[in-house]
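Please consult the sequence and the structure as you read.

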Amino acid sequence: MRFALVNGERSEAAPKLQGCCLGCSQPMIAKCGTQRVRHWAHRGNRSCDPWWEPETLWHRDWKYQFPSEWQEVVRHDQKGEKHIADVMTENGLVIEFQHSHLPLHEKVAREGFYQSMVWVVDGTRLKGDHPRFLDGRRLFRPTHLNGVFTIADPKGCFPLAWLTCSMPVFFDFGHTGVSTDTSTAKTGVLWCLLPGRVEGCAVVVAVSPVMFMNAAQKRAWIIPVRAVMETVAAALRREREIAEREAWSSIYDRPQYRKRRSRSFRSFRRRSRF
Ligand SMILES: [Zn+2]
């Protein structure tokens, strides 16, 4: 972990410093070697939070963009369960950065525990992840909303394990950091897979890292999921209805139907004794 309590204050690891865990209050060891960034570890390297995972550089790059008091925030639920969120903004949005594979049951548990959260996933974990995305992206269909796309088969774009989340999943396919400072800001796009489907399609939103950071600082959400899903659903419904109407009218305009239509009208007139 980046922080431990030293004399009651959140402090970063430094040689010979004694600290206590933010989550369980047990003594922590300051790890200040040359191999990894300085951090705190429980004795025996076991964490008190089963959801905690060793941090990669990618993880830290992201986390360090946020104010330090938003990082590693201990959360409790009503049953007394306790976990340490990677980041929790002052508006109560939890941001979990995920590099390694996460079993489905843990994903569901974390979403249920934090409730107001988004995932940021390292999209370069497996060699095939980015090429698959580039390939699948060609099938994105733009909508009338800027940067919002639909895709009929998201399996062709994103890792299977992330397709069923109930929270937005932002895939980071390669920029190595974000910053609102324009001199160091990275260009790049985060691709957000929204939860749920509309008319059988998944909805994907392109967000710049700067937009992501600005939203996290100002609001309790990054993307207004419900509003986007409803708008896209209404547009797709309209599109489908128009296509269906056109298909029907093109069938009924065919000569054989025209003839049959007038025949049936004649017989109708006969039967009705006009
Ligand atoms: Zn602990």
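## Cysteines and the zinc site

The sulfur of C20 lies 8.6 Å from the closest cysteine sulfur, that of C21, which is too far for a bond. The structure contains zero disulfides, a disulfide being a pair of cysteine sulfur atoms within 2.5 Å.

The model is predicted: local features need pLDDT of at least 70 and side-chain atom pairs count only at pLDDT 80 or more, while totals for chains, interfaces and linings use all residues. Residues are numbered from 1 along each chain as its sequence is written, and side-chain values use heavy atoms, with hydrogens and water left out.

The zinc ion is coordinated by C21 (SG), C24 (SG), H42 (NE2) and C48 (SG) at 2.0 to 2.2 Å. Donors are N, O and S atoms within 2.8 Å of the metal (3.2 Å for Na, K and Ca); water is not among the atoms, so sites may look incomplete. The angles among the four donor atoms of the zinc ion are 104 to 112°, and the site is tetrahedral; for four donors, this term requires all angles to lie between 85 and 135 degrees. The spacing of the donor residues in sequence is C-x2-C-x17-H-x5-C.

| Residue | Relative accessibility |
|---|---|
| C20 | 33% |
| C24 | 22% |
| C48 | 34% |

Conventions
Buried < 20%, exposed > 50% of the residue type's maximum accessible area, 1.4 Å probe, protein only. Tetrahedral: all angles 85-135°; square planar, octahedral: opposite > 155°, others 65-115°.
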